[in-house]
Each structure stands twice: as structure tokens, then as C-alpha cells.
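Have the sequence and the coordinates open as you read.

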Amino acid sequence: MRLDDATYDMARDPDRAGWWVAEAPAADGSRYGFLLGDAADAGGPLRPDPRGRRLPDGPDGPSAVVDFAALTPRAPSPRTPLQDAVLYELHIGTFTPEGTFDAAADRLGHLTGLGVTHVELMPVCSFPGRHGWGYDGVAPWAVHEPYGGPAGLARFVEAAHTAGLGVVLDVVHNHLGPSGNHLPAFGPYFTDTHHTPWGAAVNLDAPGSDEVRSYLIGSALAWLRDYRIDGLRLDAVHALADGRALTFLEELAAAVDELAAETGRPLFLIAESDQCDPRTTTPRPAGGLGLHAQWNDDFHHALHCALTGEAQAYYADFAGAPLAALAKTMTRAFFHDGTWSSFRGRHHGRPVDRGRTPAHRFLGYTQTHDQIGNRALGDRLAASLSPGLLACAAALALTGPFVPMLFMGEEWGAGTPWQYFTDHPDPALAEAVRTGRRREFAAHGWKAEEIPDPQDPATRDRSCLDWAEPGQAPHARLLDWYRTLVRLRRTHPDLRDPDLAAVRVAYDEERRWLTYRRGDVRVVVNLDREPATIALGGNGVRVLAAWDPADHPGPDGRIHVPGESVVVLGP
């Protein structure tokens, strides 16, 4: 081991096979790394600590010691349960032009004014270069230095907690990035037993996998314990290759539940999964994995088709009758619950037992980083939809049965795109990414010159939010509508009722309207350009909020809704 300018011999740990130990005096900021095997004698590369908490010079430089006693946030964590939460997905590198934790913290007042309860940070682990989405991270214990490193993250969490906001962190366990990954030099962290879109799989079930699991679970607990982060979003858990009887996800969930009990904090795990499998969030005693919630892409896809009429790729499954698909997801969570998927060429999914599965096991959203950034031009819904349709979409997410999640800027209909951008220092890798992106969309009819160059700094710059927009028309009106909807969700318990079986939905596919009831609250959505008169089947409700001026229902229980508009009614 080399620490600052000194070299220390390491000895085998007699109690832990495969481990080597050494002791050396160090202080906060001390640089250190490891010389492995013959490299120690031949002047080979100094490799960073796989569990290093700071990489001040990036993934290929030495690690640095972090004194967490000086960093740990002191403000108490908010205790808003998932059932009452409204999440806000945020990318540190583009939330502000500065792209730092401190700059993002300066904008938290906007989020408290909006009324959200939690900030969901996209990945902040270290990766090569300055700018990127974060899903090519290579050091699961370290914080990306250009964002502000460990101290910057600690300050952000402290500021969020002081403002009454919880913090959720997106973590990636299914792969590491293609450059700067030193883990293979330290042990069997990857295995050829399985193959993934990223190559060899993270070793969760082959020889040596006990230590790999311990490494990843330790990383997850460190974010929750050392930074007092309140929950984790687990990226693409369907891509975890794991054939063991006790799965990695069960082990992780049990460890997080144990930490929650130990600390008295309501910690949670949110999965991203395309399997449409309710067992992901079924409690472990009932035979499930025990995660606390999962993203519901089926709700998004049905809503997207209803709003846009798009029918390409996976949208084809929902496009034939999008309001019927939307109604099904709002009452049964998954559209694919054992149904035929033309996109996959097979049946897909599993039914949700509504008798034992609360609605807050699922997140509902109109846009996410994936659903915007994986489009050819990174165009948001605001680029093609009227403000009225954006208002309808917001109402469906924020008054619907699922835990709502917003993507940064959607609340004011941001005019900026959110595009795919990278900053790979390796020229060959940079060209491969650029060429691959253009080849991918060429198959869908796009010309190469139309696809933004991920490596061009302007691609990232275009993706930064424009903070002048929220105060300007038409953005200010939409922002006020989002604030109204969030407030309604907070003040009307019926909108947080976890009973999926109690949701009632009616719709007219041809006339493009949909209405649903949650307890005593009713929501009427008209996606058509023409006004609609809709029978609510009874009276006794008044208008609580409306995108366009709307009268209370008449004595016959009918309500007149302008085109591309929405009305929320209650007793």
C-alpha cells in the first residue's frame, strides 16, 4: 500500500481468505492506493481502493481518506412515508449550469415551494470525465468529484433535510462503466457465467460471490448510514444475473430494513424493473423480495400513448386502445399481467393481488430521465404537447393511485431538452459511443447528422434547465397548476388511499375522455381538442381545481369540460 509518499507492506488476514491488511497513520485528504502483485516491485500502476470514498483525481487516480465525523449531516431526516411522498428526479450535472451539489442546494427553495417531499438524485458515483448521466460509474463507494465530492454531497443532504426534504439516491449494481473500472484486478467481481448488454455480469452467484455481494451491500448501507440518505433507487434490477436461492435483492432489502430498525429512520428501496412482477415488492415473509416500491413503466407507456398517439417499439403494446390500457394500469397497476406483448413476442408479467398490494408499492410518472433522454433528440413532452395536455398528464400522475414522481423541469414545461451526453476521455470509446448512438437511431429512419453528438459539450449544455423559464408565460401557469395538484394530494387523504381495488375509472376511447374516482374525489380528463359533456353519475361535488374555467356539475350530474383540459372535483 502506498500512502502519500510512504509505502507499507500488507499481510494476509488470517481470518478472512483473500483479504490483505496494513495499518498506517492517515488524516482527512491523505492520498493512498494499492500496488498489486508484481506491480509492487516493478513500479506498476497504483490502483485506487475499491471501497475508497473519494477519488479527487478521478477513477484512475489514488483514493483519498474521508473523515466522516466532520461530514455527516446533522439535520434530522424527514419522516414522510412513501405512501405520502411526491418524488422529484434530479440530475446534479444539469439541474443547474454549474452542475454541482452546492448549486443544486441553492435551488431547493423551488422544490419546497412546489411541495415535493423527496429529491431523487440520479447516480453520483465517480466516472471518467466531468459530465455524464452517471450510469457508467466505476466506483460504487465514491462520489463524483466534479459534483463536489463527499463534502458536497454531505452539504446537499444537510440542506435538503433542513428544508424538510428527503433524499433518494439512484445506485447501479448491474454493471460498471467501460472505462476506469479497476475491480477485476482485486478479485472475481465479474463472471462469464452470465452475459449482459454490458459484457460479463457482476458476480452475484458464481464462486467468490459472497464477497461481491458484501461489497455492494456495504456500499448501499454506506450511502444510507454515512450520508444519512433516506432511500435508494436500484437501477434495472431485471438485469441482475443471480441464480442463488437467496437472491442479492432479498439480502440487500433485509440489510436495509435492519439498518432502518437500528437507526429509527424509515429507509426504503425503490426498484426499476421491466418484469411487471409484484413479487419484487411483496414482503419477504410472504415470499417476495421485500423491496418497498417499484417504478411502473406500464402506467407511463399507456399515458404516453394516450397523450401523443405514438406507437413505435414498446408503445405498440399500448397504442391500440390507450385509454383502456391507462384505465387498467390505474386499477391493476400492470397492463402486462400475463398478457401478450407484441414488442416482446411473448406473454409478459404477473397479476397484482390488489387485496394485499397497496398502491404505494408503485411509482407513477409522466416523464423520466430514460423516457426523455433515450429519445433521439431528448425531447420532452412539452416539445410536442399543448399546455392543456401537459396539465392533463400532471393531474393523472399527481391525483392517480401511485406515488407520484416528477422529472426536473416538467413542472413548468421546460423548453430545454434532456439529451444523452458523455465525456469519455478515451478517444476510441468516445467514437464508439458516438457511432453506436447514430447507428441505433439510423435503424428508425434518423440521419446521422440529426443525432446530437454525446461527446460535444454543447449537448450537455443544451440539457441544463433554464431557470428564467419558471417566471415566464406559459411556464408560470403550468408551474402553478403543479403546485395546486401537489397541495390537493397533501390535503385530501382520498388521493393517498392505497386501495387499488377502490379506484373507479370510466372512459370513452373514441371521444378521448377519462374520469376516475378516488373516494370522494373525482377527476375528469378531456384529451380531445373538442369540449366534452360527461355524466358523473351523481351530484354533490364541486370543482376543487380546473386547468380552464369550469362550472360545477349541474343538477343532472353532468359537467362540461373544455378541450385538452382537466377538472378535479370533491365534496
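Is Trp133 buried or exposed? Trp133 has a relative accessible area of 8%, and because anything under 20% counts as buried, Trp133 is buried. Please keep in mind throughout that this is a predicted model.

## Aromatic contacts

A search of the whole structure turns up 24 aromatic pairs.

Another edge-to-face pair is made by Tyr314 and Phe343, at 5.9 Å centre to centre and 85° between the planes. Here too the pair links distant parts of the chain, 29 residues apart: Tyr314 lies in the loop between helix 8 and helix 9, and Phe343 in the loop between strand 17 (337-341) and strand 18 (346-349). Tyr314 is partly exposed, with a relative accessible area of 30%. Phe343 is also partly exposed, with a value of 45%.

Returning to Trp133, one aromatic cluster is formed by Trp133, Phe407, Trp418, Tyr420 and Phe421.

Tryptophan rings also meet arginines. The charged end of Arg233 sits over the ring of Trp295, 4.2 Å from the ring centre. The charged end of Arg477 sits over the ring of Trp547, with 3.7 Å to the centre.

How many of the 11 residues of helix 10 are buried? The number is 8, so helix 10 (residues 322-332) is largely enclosed by the rest of the structure. The buried residues are Pro322, Leu323, Ala325, Leu326, Ala327, Thr329, Met330 and Thr331. They pack against helix 8 (297-308), helix 9 (316-319) and helix 12 (387-398), as well as strand 21 (504-508) and strand 22 (513-518). Just after helix 10, Ala333 takes a positive phi of about 75°.

Gly218 is found in helix 6 (residues 209-226) and counts as buried at 17% relative accessibility. The C-alpha atoms of Gly218 and Arg12 are separated by 21 Å, and the two residues are 206 apart along the chain.

At 2% relative accessibility, Ala414 counts as buried. Leaving aside residues up to four places away in sequence, Ala414 touches Arg380, Ala382, Gly409, Leu465 and Glu469. Between the C-alpha atoms of Ala414 and Asp453, 39 residues apart along the chain, the separation is 21 Å.

## Cavities and a pocket

| Space | Volume | Lining residues by class |
|---|---|---|
| Largest cavity | about 100 Å³ | 9 nonpolar, 2 polar, 1 charged |
| Second largest cavity | about 90 Å³ | 2 nonpolar, 7 polar, 4 charged |
| Second largest pocket | about 930 Å³ | 18 nonpolar, 5 polar, 4 charged |

The largest cavity is lined by Pro48, Asp49, Pro50, Leu55, Pro59, Val138, Ala139, Gly180, His182, Leu183, Phe186 and Tyr215.

The second largest cavity has 13 lining residues, and the closest to its centre are His304, Arg375, Asp379, Arg380 and Leu381. Helix 8 and helix 11 (369-373) are the elements that give two or more residues to this lining. Helix 8 gives the most, with 3 residues. Arg380 has come up already, as one of the residues that Ala414 touches.

The second largest pocket is lined by 27 residues, with Met10, Gly18, Trp19, Trp20 and Phe186 lying nearest its centre. Strand 4 (20-21) and helix 6 each supply at least two residues of the pocket lining, and helix 6 is the helix in which Gly218 is found.

Notes:
Residues numbered from 1 in each chain as written. Predicted model: local features only at pLDDT ≥ 70, side-chain atom pairs only at ≥ 80, totals over all residues. Heavy atoms only, no water. Buried < 20%, exposed > 50% of the residue type's maximum accessible area, 1.4 Å probe, protein only. Helix = DSSP H or I, 4+ residues; strand = E, 2+ residues; numbered from the N terminus. Contact = heavy atoms within 4.5 Å. 1 Å grid on protein atoms, 1.4 Å probe; cavity = no way out; pocket = protein on both sides within 12 Å on 5 of 7 lines; lining within 4 Å. Points joined across faces, edges and corners; volume = space filled by probe spheres on them. Nonpolar A, V, L, I, M, F, W, Y, C, P; charged D, E, K, R; others polar. Phe/Tyr/Trp six-rings, centres within 6.5 Å; stacked < 30°, edge-to-face > 60°. Lys NZ or Arg CZ within 6 Å of the ring centre and 35° of its normal.
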